[in-house]
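Good morning, and thank you for making time for this presentation.

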2 protein chains.
Amino acid sequence: MAIHALTMLARWDRSLTSAEIAESLASNPVLVRRILGSLRDAGLVSSTEGRGGGWSLARGAREITLYDAYTAVEAGPILSRHAHPPSDACEVGRHMQNLLETEFRDAEQVMQERLGRTTIAHLVQQVLAAERGAAPANH
Amino acid sequence: MAIHALTMLARWDRSLTSAEIAESLASNPVLVRRILGSLRDAGLVSSTEGRGGGWSLARGAREITLYDAYTAVEAGPILSRHAHPPSDACEVGRHMQNLLETEFRDAEQVMQERLGRTTIAHLVQQVLAAERGAAPANH
DNA sequence: TCGAACTGCAACTAGATTAGTTGCGGTTCG
DNA sequence: CGAACCGCAACTAATCTAGTTGCAGTTCGA
């Protein structure tokens with residue numbers, strides 16, 4: 001939802017209301033405000049209150065990656081850790097948490113790097129290209 | 001939990017009961033059987049019933065990666081998709097699902113590749129090394 | 001041949017999380 | 001002043017997960 005909203009803001013390059021974004025998401029304005037609120041806290045978008053208000057990008061679409069959006073809305077780790085520490089009495093249990101922490105952090109990082117290589121601008125470009133393809137120019 | 005269990009089986013290279021594994025996990029036997037059941041369905045471990053029964057690896061620890069364990073127990077995608085399809089009336093909404101599917105699949109794949117490069121044998125090795133380090137040889 | 005020690009499985013509970021909703025207060029602008 | 005916005009808290013409903021209980025089936029050894 002965050003990426004979808006960011007892409008909309010970049011596509012039309014004007015202030016959009018949470019109601020407009022919610023419509024495209026087939027969702028509801030409060031939910032959109034919640035998510036965009038996180039994006040604002042992360043410095044990706046800004047909002048203005050009152051009549052005529054709405055949301056817009058706080059920086060260029062080329063300077064916002066999917067990773068930025070990801071970390072803004074998703075708090076914790078992706079790979080689930082042990083819910084509670086394993087037994088210290090077991091040779092394996094004693095070290096598992098540390099080992100997994102290292103492995104998982106590594107794995108999460110390569111994924112984040114991949115997300116960091118796609119920008120919102122890139123998505124807008126692909127949306128426009130798809131539109132041209134689907135509805136070829138009227139001569 | 002799956003990785004922890006696999007590592008235990010590899011470490012001692014003998015049949016372990018779900019109760020033994022559960023103790024190290026500070027969890028409970030039924031839960032362990034549920035997880036090892038998935039690993040068995042994936043061909044990573046085998047179980048024998050009855051007295052003296054238990055679980056053991058179905059192939060060498062060097063031939064089991066964290067990715068194998070991961071896919072055996074985690075069904076769906078990691079990155080959450082749109083809960084329901086966005087509006088078709090919106091230029092962005094029309095294409096977002098496809099675009100994100102591509103991006104997310106890519107991102108998930110690099111993570112899976114990373115998980116596929118660590119084997120259970122590697123973890124056992126690290127556990128043993130850590131044990132040597134923590135409790136240096138008695139002369 | 002009985003009984004202890006196992007796995008297998010279904011049904012249930014409790015808690016956490018998530019999408020979605022409602023309601024209200026504050027801000028801006030015409 | 002009032003319409004059109006955002007901000008926020010409180011609530012609901014659905015889903016997911018860990019954990020539990022209970023019982024049936026299997027195996028082996030005394």
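Predicted model: local features only at pLDDT ≥ 70, side-chain atom pairs only at ≥ 80, totals over all residues.

**Contacts with DNA strand C**

I begin with Trp55(B), which has a polar side-chain atom 3.1 Å from a phosphate oxygen of DNA strand C. A polar contact here is a pair of N or O atoms within 3.5 Å; within protein, one must be able to donate a hydrogen and the other to accept it, and residues adjacent in sequence count only if both atoms are side-chain atoms. Residues are numbered from 1 along each chain as its sequence is written, chains are lettered from A and ligands numbered from 1 in the order in which they are written, and side-chain values use heavy atoms, with hydrogens and water left out.

A polar side-chain atom of Arg34(B) is placed 3.0 Å from a base nitrogen of DNA strand C, and a backbone N or O atom of Arg51(A) lies 3.0 Å from a base oxygen of DNA strand C.

Helices (H or I, at least four residues) and strands (E, at least two) are DSSP runs, numbered from the N terminus. Of the atoms of DNA strand C within 4 Å of the protein, 59% belong to sugar or phosphate and the rest to bases.

**Contacts with DNA strand D**

I turn now to the other DNA strand. Around DNA strand D there are 22 residues, and Ser18(A), Arg40(A), His84(A), Asn28(B) and Arg34(B) come nearest. At Gly50(A), a polar backbone atom is 3.4 Å from a base oxygen of DNA strand D. Helix 3 of chain A gives the largest share of the surface near DNA strand D, four residues. That surface divides into four nonpolar, ten polar and eight charged residues.

**The interface between the protein chains**

How many residues of chain A are in contact with chain B? The number is 47, and they meet 48 residues of chain B, where contact means heavy atoms within 4.5 Å. The area buried between the two chains is about 4,000 Å², of which carbon and sulfur atoms give 69%. Buried area is the accessible area (1.4 Å probe) that two parts lose on being put together, summed over both. In chain A, Glu91(A), Glu103(A) and Arg114(A) lose the most area to chain B, together 15% of what that side buries.

**The largest pocket**

Finally, the largest pocket has a volume of about 550 Å³. Of its 26 lining residues, Met1(A), Ala2(A), Val73(A), Glu74(A) and Ser80(B) are the closest to its centre. On a 1 Å grid over the protein atoms alone, where a 1.4 Å probe fits, a pocket is an open set of points with protein on both sides within 12 Å along at least five of seven lines, and lining residues have an atom within 4 Å of a point. Grid points are joined across faces, edges and corners, and a volume is the space filled by probe spheres set on the points. Helix 4 of chain A gives the most to this lining, with four residues. The lining comprises 19 nonpolar, five polar and two charged residues.

Terms used. Nonpolar A, V, L, I, M, F, W, Y, C, P; charged D, E, K, R; others polar. Near = heavy atom within 4 Å.
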